[in-house]
Amino acid sequence: MIDQQLAEFSSLLIVITIVLYVLALIGFTADLAGTTARRSDARLAAREAKEAREPVGVAASGAIDSASVDTTGAHTGVGGTDAPVAGSGGQDPAADRGATGGVPAQGMSAQRFAFLIAGAGTALHLGGVILRAMATQRVPWTNMYEFAITSAALVMAAFLVFSIKRHDLRALGTFVVGPILLLLFIAQRFWIVPAAELTPSLQNSHWLVIHIGVAILATALSILGAVVAVMQLLQARHERALVEKVAAGEEHPEHWGRFGHVLDRLPSSSVLEGLSFRIHSVGFVCWTFTLIFGAIWARDAWGRYWNWDPKEVWTFVIWVIYAAYLHARATGGFRGSRAAWLALAGFVAVVFNYTIVNTVINGLHSYSGL
């Protein structure tokens, strides 16, 4: 028996969640924008101080340069410049100072506000998923809408857990909340369906809980891993550009303007690569069990383990790509950006499997509900 009122309340919680995520996105973005503005001011002040104090002779220029950097409190960057170190995780003293002459800003920061709002939104998000399950008296992942909201909730929960242990990862908030908002908007606009009973082929099977549950976890980890991989690629390019500018003799190297200042807040590309590898390692295990449990369920439902159904084939393609990524990453010569691109290829296969295969290609797994 479907409780439609409870299902409607679940949908309302998801809408409120979207509003809170929008506020969190604004907060995370404001934090990045405020930091980049302060760093730009610090760079400009350091440059003006140096030009004002630089003597005519060249002999004392090095000492004056060092004094100007120490006076402004700017972070000494690559090659001894006053630019923040790329990937320093936001540990720039000048970035955390207000307009009161170097006194740290008081009150709640934009990042902390955004983090708390994101936490409240995630709590409501999980509540909406649970209410959907209570309304339908089943697990809330039997169609594309339910799969999307459940996966998105797991992504946000994982991000919050990682950010509690590593505060520098909170700088990724804009790049995590943004895609989740996009996914929820698409789900609310195109994939939402009324709460309904299970199709006969899905009823009375414990494999629905096991197989689809693991698939949701695998998808959530793939989303989070893809976000980290993208930021790794951008950070690596940013770091290389700064090194090249320093080698060319630039004293105040900058790259990508304000967006480059945003990247200064993030962990280094090597740290992001390690995090991406750990996320994708766990995700690969989940994809492995998704295939195994799916084959067992297929044997119970259809009489054989493998039917060459489009969903089965593309899940296997995903597994192969991530297996290739992990194998290549484990070898000494295939790390960094090349490994990140391979991980993103796996995510593209995940998106194709979830969207095109579910909605366009007919098969035994046509349970999108649309």
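Modeller: Let's start with helix α4, residues 144-165. Helix α4 has 22 residues and reaches 32 Å from its first C-alpha to its last, close to the 32 Å expected at 1.5 Å a residue. Keep in mind that this is a predicted model.

Colleague: What caps the N-terminal end of α4?

Modeller: N143 does. A side-chain oxygen of N143 lies 3.2 Å from the backbone nitrogen of Y145.

Colleague: And E146, is that buried or exposed?

Modeller: E146 sits in helix α4. E146 counts as buried because its relative accessibility is 0%, and the cut-off for buried is under 20%.

Colleague: What does the side chain of E146 reach?

Modeller: The backbone nitrogen of T142, at 3.0 Å. Leaving aside neighbours within four places in sequence, E146 is also in contact with R132, R138, V139, P140 and W141.

Colleague: New topic. How high is the mean pLDDT of the protein?

Modeller: The mean is 81, and 77% of the residues reach 70 or more.

Colleague: Which elements have the lowest and the highest mean pLDDT?

Modeller: Helix α2, residues 61-72, has the lowest, at 40. Helix α3, residues 110-136, has the highest, at 94.

Colleague: Where does pLDDT stay under 50?

Modeller: Over residues 56-105. The model has 99 contacts beyond four places in sequence for that stretch. Where pLDDT is low, the predicted coordinates should not be read in detail.

Colleague: OK, packing. At what angle do α6 and α10 pack?

Modeller: About 145°, with their axes 9 Å apart. Helix α6 covers residues 207-247 and helix α10 covers residues 337-354. The crossing is left-handed.

Colleague: Which residues meet there?

Modeller: From α6, the list includes T219, I223, A226, V230 and L233. From α10, it includes A340, W341, L344 and F347.

Colleague: How far does α8 reach?

Modeller: α8 has 34 residues and reaches 47 Å from its first C-alpha to its last, close to the 50 Å expected at 1.5 Å a residue. G303 follows α8, and its phi is positive, near 95°.

Colleague: Last one. Where is S268 found?

Modeller: In the loop between α7, residues 257-265, and α8, residues 269-302. S268 is buried, since its relative accessible area is 16%.

Colleague: Which side chain does S268 join in a polar contact?

Modeller: That of S270, at 3.0 Å. S268 and M231 are 37 residues apart in sequence and 9.7 Å apart in space, C-alpha to C-alpha.

Methods:
Residues numbered from 1 in each chain as written. Predicted model: local features only at pLDDT ≥ 70, side-chain atom pairs only at ≥ 80, totals over all residues. Heavy atoms only, no water. Helix = DSSP H or I, 4+ residues; strand = E, 2+ residues; numbered from the N terminus. Buried < 20%, exposed > 50% of the residue type's maximum accessible area, 1.4 Å probe, protein only. Polar contact = N/O pair within 3.5 Å; in protein donor to acceptor, adjacent residues only side chain to side chain. pLDDT = per-residue confidence, 0-100. Contact = heavy atoms within 4.5 Å. Expected span 1.5 Å × (residues − 1). Axes fitted to C-alpha atoms, helices over the stretch in contact; angles between N-to-C directions. Left-handed = near helix turned anticlockwise from the far one by under 90°.
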